[in-house]
Number of protein chains: 2
Amino acid sequence: MNSLIFTAESTAHGIVERDFTVDGVPGVLWSPEGAGRAPLVLQAHGGGNHKKHPAMSGRAALLVRDCGYHVAVLDTPGHGDRPRTEHDEREVEALFAARAAGEPEGPIVVRYNDHLAKLAVPEYHALLDALQELPEIGTDGPVGFWGNNMGTAIGVPFVAAEPRIRAAVFGQHWPDVLAAHAARITVPIEFALQWDDEHISREEGLALFDAFASAEKSLHVNSGRHKELPRFEAESAVRFFARHLGGAAGA
Amino acid sequence: MNSLIFTAESTAHGIVERDFTVDGVPGVLWSPEGAGRAPLVLQAHGGGNHKKHPAMSGRAALLVRDCGYHVAVLDTPGHGDRPRTEHDEREVEALFAARAAGEPEGPIVVRYNDHLAKLAVPEYHALLDALQELPEIGTDGPVGFWGNNMGTAIGVPFVAAEPRIRAAVFGQHWPDVLAAHAARITVPIEFALQWDDEHISREEGLALFDAFASAEKSLHVNSGRHKELPRFEAESAVRFFARHLGGAAGA
């Protein structure tokens, strides 16, 4: 029994946005206006961002409007409406110092994301427990996961341990900590990486894709640097979920 | 002045199919029924196939129906309605012998496709000259190229030498002969390879993708063997052309 408490609700352009907390962790649930039972996609946001960053709300809008799905995301510890610990402050400082010095960010991001994922993964299991108690989601509907960058650092261990996830979209992370989790994932995945990523080498990106045990897996590589992931990849991910999670009952 | 002669015409499901010869080479042109001026996509078929193989007519149907485009493809020398030379017979025999013996097919396919491409590329330039004389295509409309396998062996040297091509979809070929041509291609490309291809290694496939000089390039890798390219890649290619060639005037 998880304590899901809705704290605010608004509707715009056919999308209902409900803020909530689950065991005190703030999150947001987007749904089609007047939605009945429909599949659910859980998202996790990127490092330094938050649950309502345009990448999250924009991808959710595509899933809600094109597929009629419910979409939920939590603030990661130390992000959004959640306080930073002293440990968070030290890691963020270390990252900015490395960036300013032109040193590799990878080692710091990998260890900090691993720390955050260890805290966030149980929160995502609890989120799914709580959302499945809602009549419009239920315990028998298909569930997907979508997270890039830090969202992948959280999502790969989460999906590896969560048999309720049927399909997942990941991308743009180092394989160090994640490859062992990826080797336990067998559901279909779509994975994005940037061919000219200044932080994650081609070999590192390909090694993580290769690690997934999924019989059905797709890799999308695009030219460009780390932050230049093309917008059409979001549309591709939506089609991927539509193939694997099916349509909304009322859509 | 090229001699384009239409030899047969039929219409089904809103698609007009016109057989033709251009300088004696047989081809087919698919168009939307009642089409006005619209972009053109040239296709080249795979080894052992022909201009009306379901892969060709199926991809054409997507382009005609979803985008309102004209689509044309030629029989490659030694394929479809064209005679085989003694050289063709020897190479096909060598390929089948290698296959039966469990020996690598790559060296034979690479050299035979190179031979065929040297014959086919001038035919594709002549095809484009001839089609641009048709009022529904014209000399100023956008033109794309789409060919996988042997279609890539023909398409890469063709597009490298053909400034009228604005965007191209390639995939699944060894880099040996093609990388030098790819290095001269700067238009947007989408490139497909199979992660478990029993003929083309990952390193070979990635090396050809890497060779393209295009600022905008996308690689789609899917799990599965050589012949298991997922059908949704055709839909992805159609969206790629829609982004780069635009819509039909009347669509």
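# Reading a two-chain model

Modeller: Chain B superposes on chain A by a rotation of 180 degrees with 0.0 Å of shift along the axis, at an RMSD of 0.0 Å. That is the relation of a two-fold axis. Keep in mind that the model is predicted.

Colleague: Which residue of chain B comes closest to the rotation axis?

Modeller: His220(B) does, with its C-alpha at 2.4 Å from the axis.

Colleague: Why do the copies meet through the same surface?

Modeller: Compare the residue lists of the two sides. Of the interface residues of chain B, 100% are also interface residues in chain A, so the copies use the same surface to meet.

Colleague: Which strands are joined by bridges across the two chains, and do they run parallel or antiparallel?

Modeller: Strand E9 of chain A, residues 217-222, is joined by five bridges to strand E9 of chain B, residues 217-222, and the two run antiparallel.

Colleague: Next, helices. How do I describe two that pack together?

Modeller: Two packed helices are described by the angle between their axes and the distance between the axes. Take H1 (residues 54-67) and H7 (residues 232-245) of chain B, whose axes come within 10 Å and cross at roughly 45 degrees. H1(B) and H7(B) are therefore oblique to each other. Their crossing is right-handed.

Colleague: Which residues make the contact of H1(B) with H7(B)?

Modeller: H1(B) contributes Gly58(B), Arg59(B), Leu62(B), Leu63(B), Asp66(B) and Cys67(B), while H7(B) contributes Ala234(B), Glu235(B), Val238(B), Phe241(B) and Ala242(B). Sorted by class, that contact has seven nonpolar residues, one polar and three charged.

Colleague: What is the angle between H1 and H7 in chain A?

Modeller: The axes of H1(A) and H7(A) cross at roughly 45 degrees and come within 10 Å. The crossing of H1(A) and H7(A) is right-handed. Among the residues in contact are Leu62(A) and Leu63(A) of H1(A), and Val238(A) and Phe241(A) of H7(A).

Colleague: And H2(B) with H3(B): at what angle do they pack?

Modeller: H2 (residues 86-100) and H3 (residues 106-131) of chain B pack at about 160 degrees, with their axes 9 Å apart. An angle over 145 degrees counts as roughly antiparallel, and H2(B) and H3(B) are therefore roughly antiparallel to each other. The crossing of H2(B) and H3(B) is left-handed.

Colleague: Which residues make that contact?

Modeller: On H2(B) they are Glu91(B), Ala94(B), Leu95(B) and Ala98(B), and on H3(B) they are Ile108(B), Val109(B) and Tyr112(B). By class, the contact of H2(B) with H3(B) has six nonpolar residues, no polar and one charged.

Methods. Residues are numbered from 1 along each chain as its sequence is written. Chains are lettered from A and ligands numbered from 1 in the order in which they are written. This is a predicted model: local features need pLDDT of at least 70, side-chain atom pairs count only at pLDDT 80 or more; totals for chains, interfaces and linings use all residues. Two strands pair if DSSP finds at least two bridges between them. Helices (H or I, at least four residues) and strands (E, at least two) are DSSP runs, numbered from the N terminus. Copies are superposed by least squares on the C-alpha atoms of residues with pLDDT of at least 70 in both. Two residues are in contact if their C-beta atoms, placed from the backbone, lie within 7 Å. Axes are lines fitted to C-alpha atoms, for helices over the stretch in contact, and angles run from 0 to 180 degrees between N-to-C directions. Angles under 35 degrees count as roughly parallel, over 145 as roughly antiparallel, 65 to 115 as roughly perpendicular and the rest as oblique. A crossing is left-handed if the near helix is turned anticlockwise from the far one by less than a right angle, and right-handed if clockwise. Ala, Val, Leu, Ile, Met, Phe, Trp, Tyr, Cys and Pro count as nonpolar, Asp, Glu, Lys and Arg as charged, and the others, Gly among them, as polar.
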